[in-house]
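Have the structure open as you read.

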Amino acid sequence: TTLYDTANDPTSEHHIGKLYAHNTVSVEGAVGIGTSSPSYLLSLEQSSPTLQLKTTNTTGTNTILFSDSASNFVGNIKYDHSDNSLSFATTSSASERMRIDSSGNVGIGRTPTSNLLEVADTIKLTNLGTGEGFVGYNTNGVKLAITTVDAVGAGMKFEVGASEAMRIDSSGNLLVGKTSDNNTVAGTTISNSGIVKVTRTDWSL
């Protein structure tokens with residue numbers, strides 16, 4: 001069966017391909033849907049284009065498969081309707097690398113359970129600037145953070161709410177209630193050599 005472009009001109013016989021018995025469409029060149037000048041092998045053009053993959057049941061999967069000249073399978077993006085999860089796989093062995101479950105929880109290197117993000121290996125943050133690192137807020141906007149002091153290697157500070165509660169300086173000293181190892185400032189210092197120094201400016205109870 002020959003396919004024609006009759007949407008734009010019902011009287012035309014603009015040949016766009018052939019439909020064979022095994023449901024294969026043979027098209028020469030680039031295909032444009034909604035455009036007469038496709039920029040790529042397949043171009044869909046609309047104000048808000050949507051590409052739909054629909055299963056004929058409620059337990060199947062929709063898969064976008066990535067291939068190259070050496071292998072028909074080097075990765076995929078798969079939606080599983082049986083549990084409404086979205087997974088990402090790489091390599092020819094179809095190794096799953098990341099999954100988003102039906103609750104929106106994300107697992108990297110593992111299947112997520114009840115936490116928003118679960119990672120099965122080390123998380124490395126590089127090239128951090130001032131105040132950058134792990135920063136979170138609760139539903140009331142209260143801050144909980146572990147961030148850099150002022151530059152990479154200068155230390156790490158722990159913040160609760162709007163205030164710094166503790167820091168580790170560049171020498172490895174733990175400072176609680178103070179920002180420097182200063183004996184005139186109230187707070188506690190646990191040095192990297194094991195010495196504990198407690199300083200108070202008011203010793204009344």
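## Salt bridges and surroundings

E96 and R99 form a salt bridge, and their closest N and O atoms are 2.8 Å apart. Before going further, please keep in mind that this is a predicted model. The cut-off for buried is under 20% relative accessible area.

How many salt bridges does a search of the whole structure find? The search finds five.

| Salt bridge | Closest N and O atoms |
|---|---|
| E96 and R99 | 2.8 Å |
| R167 and E164 | 2.7 Å |
| K197 and D181 | 3.0 Å |

Take the pair of R167 and E164 next. R167 has a relative accessible area of 11%, so it is buried. E164, at 27%, is partly exposed.

The salt bridge of K197 with D181 has its closest N and O atoms 3.0 Å apart. K197 sits in strand 18 (residues 196-199) and D181 in the loop between strand 16 and strand 17 (187-190), so this pair ties together parts that are 16 residues apart in sequence. Both ends are partly exposed: K197 has 27% relative accessibility, and D181 has 35%.

## A buried asparagine in a loop

N173 is located in the loop between strand 15 (163-169) and strand 16 (174-176). Leaving aside residues up to four places away in sequence, N173 touches R167, I168, T189, I190, S191 and N192. One of these neighbours, R167, is the salt-bridge partner of E164. With N192 there is also a polar approach: a polar atom of the N173 side chain lies 2.9 Å from the backbone nitrogen of N192.

## A nonpolar patch on the surface

Now turn to the surface. Which residues form a nonpolar patch there? The patch consists of I108, L116, L117, V119, I123, L125, F134, I146, M156 and I168, and together they have about 850 Å² of accessible area. I168, one of the patch residues, is also among the residues that N173 touches. Another member, I123, is placed in the loop between strand 11 (117-119) and strand 12 (133-137). I123 is partly exposed, because its relative accessibility is 45%.

## The chain as a whole

Stepping back, the chain has 18 strands and zero helices. It contains 205 residues, of which 19% count as buried. Its accessible surface comes to about 14,800 Å², with 53% of that belonging to carbon and sulfur atoms. Among contacts in the chain with a separation of 6 or more, residues 24 or more positions apart account for 1%.

How confident is the predictor, and where should you be careful? The average pLDDT of the chain is 82, and 84% of the residues score at least 70. Over residues 10-15, however, the pLDDT is below 50; beyond near neighbours in sequence, this stretch has nine contacts in the model. Where pLDDT is low, the predicted coordinates should not be read in detail.

Methods:
Residues numbered from 1 in each chain as written. Predicted model: local features only at pLDDT ≥ 70, side-chain atom pairs only at ≥ 80, totals over all residues. Heavy atoms only, no water. Patch = residues over 30% accessible without salt bridge, like charges linked within 9 Å, V, L, I, M, F, W, Y side chains within 5 Å. Areas by Shrake-Rupley, 256 points an atom, 1.4 Å probe, with all protein chains shown as cover. Salt bridge = Lys/Arg side-chain N within 4 Å of Asp/Glu carboxyl O. Helix = DSSP H or I, 4+ residues; strand = E, 2+ residues; numbered from the N terminus. Buried < 20%, exposed > 50% of the residue type's maximum accessible area, 1.4 Å probe, protein only. Contact = heavy atoms within 4.5 Å. Polar contact = N/O pair within 3.5 Å; in protein donor to acceptor, adjacent residues only side chain to side chain. pLDDT = per-residue confidence, 0-100.
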